[in-house]
Amino acid sequence: MSQPTHPAFISYPKQATFGRNLPKNKIYEHSGANTRLKDLFVEQVEQIVWQYKLAPETINLPAKPGVPEIQVFAIQLKTPELDLDVLRCIDGAVQFPIVFELSFDGQTQVVAAYKRPNESDASRWVLSDYFATAWRPSNAQRVAMPLVLDLSGLYEQVLQRLISLPVRPQESLADLVARVEQMAAKQREIEKTASKLAREKQFNRKIEINTTLRKLKSELNALGR
């Protein structure tokens, strides 16, 4: 029986294949990696392949400000866990949005952060948190590339497929990512308040904290819809 796949496991067009090894020392040079980062690369990363270059000349979609091209990097891991600082380091070294496909032991996971030029300095990029699919068999069937008008639309589609929240009508990618980040902050607040409640001995204070906790939970709920 074929494995059900995930919409983020995309079959990219053959003409976009780049298929070049990316030496780790090139990344170190362009990102100013420190010793700790170099050690992480050595311990956790087997090989980095620049798998696809999604650009106007390879897939015939026009570029847009902030998304001149999209790169797909396949990373073969030595360990099942990858420190996200490794991905941040690669993202810092490459001046384009990147979609990572991590592989380990016959399983693959798609990971990406929302990457956009800094509004006050276009030569620097701003990264959101990383979003990821679950691990799936590397040989699972892939879906066709989404039909879009430009590279910005493609980038939006790819990232939305990594985020488990339903997209609201007319919600931009930037707004969706901001909502995910608000939810993470709200979740941290809930955990802090819950542990405060557990420690509190006074009945009146318990009631107050409990009211706050209920309010935070309902705000989290609203953000998730």
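Biologist: Which is phenylalanine 41, buried or exposed?
Modeller: This is a predicted model, in which local features need pLDDT of at least 70 and side-chain atom pairs count only at pLDDT 80 or more, while totals for chains, interfaces and linings use all residues. Residues are numbered from 1 along each chain as its sequence is written, and side-chain values use heavy atoms, leaving out hydrogens and water. Buried means under 20% relative accessible area, exposed over 50% and partly exposed in between, with a 1.4 Å probe and protein chains only. At 0% relative accessibility, phenylalanine 41 counts as buried.

Biologist: What kind of aromatic pair do tyrosine 28 and phenylalanine 41 form?
Modeller: The whole structure holds six aromatic pairs. In the pair of tyrosine 28 and phenylalanine 41 the ring centres are 5.5 Å apart, with 80° between the planes. Rings of Phe, Tyr and Trp (its six-membered ring) pair with centres within 6.5 Å; planes under 30 degrees apart are stacked, over 60 edge-to-face and the rest tilted. The pair is therefore edge-to-face.

Biologist: How many residues apart in sequence are the parts that this pair ties together?
Modeller: Helices (H or I, at least four residues) are DSSP runs numbered from the N terminus. Tyrosine 28 lies in helix H1 (residues 24–31) and phenylalanine 41 in helix H2 (residues 35–44), so the separation is 13 residues.

Biologist: How are H2 and H4 oriented to each other?
Modeller: The axes of H2 and helix H4 (residues 84–93) come within 10 Å and cross at roughly 110°. Axes are lines fitted to C-alpha atoms, for helices over the stretch in contact, with angles from 0 to 180 degrees between N-to-C directions. Angles under 35 degrees count as roughly parallel, over 145 as roughly antiparallel, 65 to 115 as roughly perpendicular and the rest as oblique. H2 and H4 are therefore roughly perpendicular.

Biologist: How does H6 run relative to H7?
Modeller: The axes of helix H6 (residues 173–199) and helix H7 (residues 203–223) come within 9 Å and cross at roughly 160°. That makes the two roughly antiparallel.

Biologist: Over the face of which residue does lysine 115 lie?
Modeller: A charge sits over a ring if NZ of Lys or CZ of Arg is within 6 Å of the ring centre and within 35 degrees of the ring normal. Lysine 115 is 5.6 Å from the ring centre of tryptophan 125.
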